[in-house]
Amino acid sequence: MKINMPMCEYVIQQSQLHGKVKISGAKNSALRLLAASLLTKEKIELTNYPAKLLDAQIHVGMLEALGKNCEISEDKIIIYEKETPLSVLNWKKRSIRNTLLILGALVSRIGEAKVPLPGGCNLGERKFDLHEMILRNMGAKVWIENDMLCAKAENGLKGTDIFLPIRSTGATENAIICGCLAEGITRVWNPHIRPEILDLVNFLSKMGAKIQVFGQEHIEITGVENLSGVKYSVIPDNMEAITWLIATVITGGDIEIVNFPFRDLEVPLIHLRESGAKYYIGDNSLIVRGGAPYPIEISTGPYPGINSDMQPLFAVYGACAKGSSKIIDLRFPGRYCYASELARMGLKYNINGNILEIIGGNQLNGAQVRALDLRAGIALALAGLVANGETRISDAWQIERGYDNFMEKLISLGGNVRYG
């Protein structure tokens, strides 16, 4: 598959958003479903698929490197295979963190695998020790060799009790994937139950997996001999939904967000409503009619709380409010590097321990800034929509890792944006 790398700079000027936008399939679900497709030799068809995401394109390239065939058209992908996937992922291009799930899926199905060490956003202490622990507890040997993470289960993976010390999304997903074809019963204690996890469970269940979710206590997977193919629709992306909501409020705009995932955003919606956002709930859409941002105080945490990925967006929201806003990231302490980039645009802030204080009400001004990661990049883009003058965001490809057709959608809403 040819991977289309976008131009690396966005040029954004102050804009007011109007119109209608449809939410694409969720990045954090689609990537997991792509990895799980390795568990079967039968055809997988995903609809509402975010084909333009850079990370999705990277993942499809990896599947093809392993021997899968992928056909993509508009918002649909069909995955099938002619022979068993390779056990070694030879991939010299940019890596993503999903290689950990590819490792689990391959070991689960064919007993061994070697994948590049994971990439993705640099969020501090995001090691892969939990993934190693899962594979070892299920009977595999795990080691690192020439920048490759390797695992082998000579007698196949065995079901066991897995106790996660923290509610890790990736570790929960890998334990589920590994348990589907393992011998016996796998129980995952202290899992992170969130929409993308439940989407993976639903997807695998439709393929014939036997999975029971007992809330936040544990997940039970009874191994089966094989999984069948399936046609499945990816859930809407809650991060994209909250992005357009916040963008509309801070620009004083008026848009209808179609395919809005209400159930997945109950807590963030309450915070935004109580902090000045004006919105109305329709049958399958959210109508946002401006509002005036008020100062906010939030802490991130496990679902259904505010996701760590959302806090850079709330920081921009707070910057547009008159007064002091405070953010505490309990999942990735100190994930505030983006604040120094926003400071180039005039943001006033303080960091006290693990508290980020945003001193709002100061006019932001266009500047040359850099997208340090995906969510930092989208925060800069939002800031550019309310800043005086021209904002230039280098490494803007980071945004397109996680936002499907972002540039086209923003322009359709009246956004003054172009490639630099």
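Start by selecting Phe203 and Tyr232: both are buried (buried means under 20% relative accessible area, exposed over 50%, partly exposed in between, with a 1.4 Å probe and protein chains only). Keep in mind that this is a predicted model, where local features need pLDDT of at least 70 and side-chain atom pairs count only at pLDDT 80 or more, while totals for chains, interfaces and linings use all residues. Residues are numbered from 1 along each chain as its sequence is written, and side-chain values use heavy atoms, with hydrogens and water left out.

Now look at the two rings. The structure holds 7 aromatic pairs (rings of Phe, Tyr and Trp, the last by its six-membered ring, with centres within 6.5 Å; planes under 30 degrees apart are stacked, over 60 edge-to-face, the rest tilted). In this one, the centres of Phe203 and Tyr232 are 5.4 Å apart and the planes sit at 70 degrees, so the pair is edge-to-face. It ties together distant parts of the chain, with Phe203 in helix α6 (residues 195-206) and Tyr232 in strand β13 (residues 230-233), 29 residues apart. Helices (H or I, at least four residues) and strands (E, at least two) are DSSP runs, numbered from the N terminus.

Next, pick Phe260 and Phe262. Their ring centres are 5.0 Å apart with planes at 45 degrees, so this pair is tilted. For a cluster, select Tyr10, Trp244, Tyr403, Phe406 and Tyr419, which ring pairs link up.

Back to Phe203. Along with Leu46 and Leu204, Phe203 touches the most other members of the largest nonpolar core, which has 72 residues (a set of buried Ala, Val, Leu, Ile, Met, Phe, Trp, Tyr and Cys joined through side-chain atoms within 4.5 Å). Helix α3 (residues 99-110) gives the largest share of this core, 7 residues. Apart from this core lies another, of 67 residues, including Val249 and Ile306.

Then colour the open sheet of 4 strands, in the order β9-β10-β12-β11 with mixed pairing (strands pair if DSSP finds at least two bridges between them). β9 (161-163) and β11 (210-214) are at the edges with a single partner strand each, so one side of each has no neighbour in the sheet. Inside the sheet, β10 (residues 185-189) and β12 (residues 218-222) pair in the antiparallel sense over 5 bridges; find Thr186 opposite Ile221 in β12.

Last stop: Thr391, in strand β22 (residues 390-394). Thr391 is buried, at a relative accessible area of 0%.
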